[in-house]
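Hi,

Here is the structure I promised to pass on. My notes follow below it.

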Amino acid sequence: MCVSENNRIFANPIILSRNPSAKNSIVHTDNTFHMHTSRKITQDLFYVGASDRRLALFENIYPIPRGVSYNSYLLMDEKTALLDTADAAVAEQFFANVEAVLSGRRLDYLVVNHMEPDHAALISGLLLRCPEVTVVTTAKAAQMMEQFFGNKPENLQVVKEGDTLCTGRHTLSFIMAPMVHWPEVMMTYDTTDKILFSADAFGTFGALSGNLFADEVDFVRDWLEDARRYYINIVGKYGVQVQNVLKKAATLDIQMICPLHGPVWRSNLDFFIGKHDVWSRYEPEDRGVVIVYGSIYGHTESAAMRLGMLLAERGVKGIKAYDASHTDASQLVAECFRYSHVVFASSTYNNGIFTPMEGLLLDLKAHAWQKRTVALIENGSWAPQSGKLMRAELEQMKDIVILGDILTLKSALQPSQEEALAAMADQIVSTL
Ligand code: FEO
């Protein structure tokens, strides 16, 4: 029997074992068969994760039209070690991959770097299949296992900063990374092959296609936007903690980064580390202007677009404009993080900020948005309020410079206000 009667972590067993007597060798748990989709990374290391292109909303909030991958890695040394599991949505593919790579060998260790269910959901299923595996993780993660599964694993090895685990040829060293992105997070560094298993850090939205490595895709063209949106929205609030980890990483010789989402980095690591350095310091990635408007009947939009024309006439290139009602908040937040200057133009609604714009400002505040230059346009047919209220939100954020006066529209931009709008454009250009 593979289920311990006194250990609730093995509750709800999935039945139908093809080989129930084999200790710690993976067994099939349903009637279907999945060919493995694992891929060799190094002599001893294999990718055993899987992608989901069916999920509409990651964390039930972030649209992922390009899907997402749940990465897991299996180290085949004298002892075998699996680094994290995967989301329940890819369970069958994940277990097929682990089984294929193990090829009948027992699994000795499961290293859990992160307990969020998109990586930890299959821990209980794995322990059901491999009850003798030793789970290696942080004390906080062990506590979360009890919270999620009702009990801690039977064989548990709690590690802390600098602890090591020798698997034979490889020695794994553990690096605590609290709040990147949950408090229990750690990273694992393979001191032998110089590989950093970075948990959520250096991840991105986007399903993998077979091309596992960042140098096998056009990352800047096809992935960077999703990587930015992923980082800013998932981890953006924790810039200080990310900086702490980057400082630790700088002391290591890292030849490869294996994140929990998206491509593996084996070249041009400095490019991606540099992006995370900029993002986590809340510095603009690009000097440029984003115009975000919340417009009910199009008059606020018209004024915002007139400003865009004036900026362009003054030589500003690459201006981005978004209707807050028709753009996902995660994209707006990422764009506001990317650029140095943001124009917020909003109607007044229920004596407040037009709701989509209000939501954006709250989201930016929640993500510790800072160090930007902004200009404000408000609209209201009888009692314009949105400018004052937007400014009050922005004043709660750190190092936000608000240029000049709020431009107030009464229903629509009037010809007499062209000069004021031109002055706003001049101020933006002079500070770009
Ligand atoms: Fe990909 Fe914080 O989980």
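The charged end of Arg129 is placed over the ring of Phe95, 3.6 Å from its centre. Arg266 likewise lies over the face of Phe213, at 3.7 Å from the ring centre. (For a charge over a ring, NZ of Lys or CZ of Arg has to be within 6 Å of the ring centre and within 35 degrees of the ring normal.)

Before you go on: this is a predicted model, where local features need pLDDT of at least 70 and side-chain atom pairs 80 or more, while totals for chains, interfaces and linings use all residues. Numbering starts from 1 along each chain as its sequence is written, and side-chain values use heavy atoms, with hydrogens and water left out.

Phe202 and Phe272 have ring centres 6.2 Å apart and planes at 50°, so they count as tilted. Phe202 sits in the loop between β15 (195-197) and α5 (219-222), and Phe272 in helix α8, 70 residues apart. (Helices are DSSP runs of H or I, at least four residues; strands are E, at least two; both are numbered from the N terminus.) Both Phe202 and Phe272 are buried, meaning under 20% relative accessible area, with exposed over 50% and partly exposed in between (1.4 Å probe, protein chains only). Ring pairs also join Phe202, Phe219, Trp223, Trp265, Phe271 and Phe272 into a cluster.

Cheers

Technical notes:
Rings of Phe, Tyr and Trp (its six-membered ring) pair if their centres lie within 6.5 Å; planes under 30 degrees apart count as stacked, over 60 as edge-to-face and the rest as tilted.
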